[in-house]
Amino acid sequence: MYFPLKRGLLRKKEADIKAVDGVNFRIKKGETLGLVGESGSGKTTTGKCILRLHKPTEGKITFNGKEIASLRERDMKPLRPGMSMIFQDPYSSLDPRQKAGAIVGEPLIIHRLVRNRKEYRDRVEELFRLVNLDPRMIDRVPHEFSGGQRQRVGIARALAGEPSLLICDEPVSALDVSIQAQVINLLKDLREKMKGLSYLFIAHDLSVVRHISHRIAVMYLGRIVEVLDQDTLYDNPLHPYTRALLSAVPVPDPFIEEKRERIALKGEIPSVLNSPSGCSFHPRCPLAKRECRQKPPDMRLVGKDHEVACHLV
Ligand code: SF4
């Protein structure tokens, strides 16, 4: 996904901003893929491309066997109920003037999923119960809910079309730590109840992603640098960036915590406008060699379901 960089009075295109480049992954039915990386790594843009909120510059997106990257909006419309998104901020993503019931029920009307008022009301109540909200709260407005309850309203709305893919974009990062676990557990329960529901779970924090994901894709500056399953993340993470992210996750056992190796990352993630040559992680990588500055590493399969892009692996 490239965005044009336009400057000057005439807004002439000067260059392309490569927000996401050469990204390749699959999500199986019923599977949760965690997409992790710092802000600015292209995670949200990837999610928006899949939902076709952005039309990708190039490449393929296959959803339930159908290529959707190049579909016109008119042809996308029937597929829309099958995929939806939960947003990061439950405070700004809900219309403050709308009642919670109307927020949750809106997709039912847009996608014509109910035939009459009674069916509409029954389905909205069912969605409230599904996310553990009391249906008597249907007539309340968002500011009468707590942060965690608002996120439940957002989840209920996202489930209205009975999607098979839910893109969860940092769904707990705006919530208190005590509430985060409740929302994660709710998402796990929903995955059990709604057989075949898949998640792309986007987060900047590995400690959140690892509890819910079957596999994890680590993203850096618009590219995926490692894909591995939950066990391999603990036993054998290979990319220096994955190892650095993992070393920042606190361990509850104080003895293990004391002995653990901490890998401090130098500086901040650069802008995609000034993407470094070769391996884009090289200015921050403690293991960088000359080759790393010259040539970008290819993604290689190094084990079952384990892929890494690093010259040293
Ligand atoms: Fe570090 Fe080089 Fe591997 Fe990039 S390719 S992660 S710079 S060792």
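How many bridges join β11 to β12, and do the two strands run parallel or antiparallel? In this predicted model, three bridges join the two strands, and the strands run antiparallel. Within this pairing, R300 stands opposite V308 in β12.

Strands β11 and β12 belong to an open sheet of eight strands with mixed pairing. The order of the strands across the sheet is β6-β7-β8-β3-β9-β10-β12-β11. Strands β6 (83-86) and β11 (300-303) form the edges, each pairing on one side only. On average, and with direction ignored, neighbouring strands of the sheet are turned by 25° against each other. Strands of a sheet pair through backbone hydrogen bonds, in either a parallel or an antiparallel sense.

Strand β10 (residues 223-229) has β9 on one side and β12 on the other in the strand order. Its pairing with β12 (residues 306-308) is antiparallel and consists of two bridges, and here V227 stands opposite E307 of β12. The pairing of β10 with β9 (residues 215-220) is also antiparallel and extends over six bridges. In this second pairing R215 stands opposite D229 of β10. Strands β9 and β10 form a hairpin with two residues between the strands, and L221 takes a positive phi near 50° there. Strand β10 is mostly covered, as five of its seven residues are buried.

Helix α6 (residues 177-193) lies across β3 (32-36), β6 and β8 (198-203), and it runs at about 160° to β8. Helix α9 lies across β3, β9 and β10, running at about 105° to β9. Helix α9 is mostly covered, with seven of its eight residues buried. The buried residues of α9 are P240, Y241, T242, A244, L245, L246 and S247. Among the elements that cover these residues are the strands β3, β9 and β10 and the helices α7 (206-212) and α8 (230-235).

A search of the whole structure finds three aromatic pairs. One of them is formed by Y220 and Y241, whose rings are edge-to-face, at 4.7 Å centre to centre and with 65° between the planes. This pair links distant parts of the chain, given that Y220 is in strand β9 and Y241 is in helix α9 (residues 240-247), 21 residues apart. Both Y220 and Y241 are buried. Ring pairs also bring in F281, and Y220, Y241 and F281 are linked into a cluster.

F281 is also among the contacts of H239, a residue in the loop between α8 and α9. Is H239 buried or exposed? H239 counts as buried because its relative accessible area is 2%, below the limit of 20%. Apart from neighbours within four places in sequence, H239 is in contact with V225, E226, F281, V308, A309 and C310. V308 is the residue of β12 that stands opposite R300. H239 and C285 are 46 residues apart in sequence, and their C-alpha atoms are 9.9 Å apart in space.

G30 counts as partly exposed because its relative accessibility is 24%, which falls between the limits of 20% and 50%. When residues up to four places away in sequence are not counted, G30 touches R191, G196, L197, S198 and H214. The C-alpha atoms of G30 and E192 are separated by 8.6 Å, although the two residues are 162 residues apart along the chain.

The contact between helices α3 and α4 was also examined. Two packed helices are described by the angle between their axes and the distance between the axes. The axes of α3 (residues 100-110) and α4 (residues 117-130) come within 10 Å and cross at roughly 115°, and the crossing is right-handed. On the α3 side, the contact is made by A100, G101, A102, V104, G105, L108 and I109. These residues meet Y120, R123, V124, L127 and F128 in α4. By type, the residues of the contact divide into nine nonpolar, two polar and one charged.

How values were computed:
Residues are numbered from 1 along each chain as its sequence is written. This is a predicted model: local features need pLDDT of at least 70, side-chain atom pairs count only at pLDDT 80 or more; totals for chains, interfaces and linings use all residues. Side-chain values use heavy atoms; hydrogens and water are left out. Axes are lines fitted to C-alpha atoms, for helices over the stretch in contact, and angles run from 0 to 180 degrees between N-to-C directions. Helices (H or I, at least four residues) and strands (E, at least two) are DSSP runs, numbered from the N terminus. A crossing is left-handed if the near helix is turned anticlockwise from the far one by less than a right angle, and right-handed if clockwise. Contact means heavy atoms within 4.5 Å. Ala, Val, Leu, Ile, Met, Phe, Trp, Tyr, Cys and Pro count as nonpolar, Asp, Glu, Lys and Arg as charged, and the others, Gly among them, as polar. Buried means under 20% relative accessible area, exposed over 50%, partly exposed in between (1.4 Å probe, protein chains only). Two strands pair if DSSP finds at least two bridges between them. Rings of Phe, Tyr and Trp (its six-membered ring) pair if their centres lie within 6.5 Å; planes under 30 degrees apart count as stacked, over 60 as edge-to-face and the rest as tilted.
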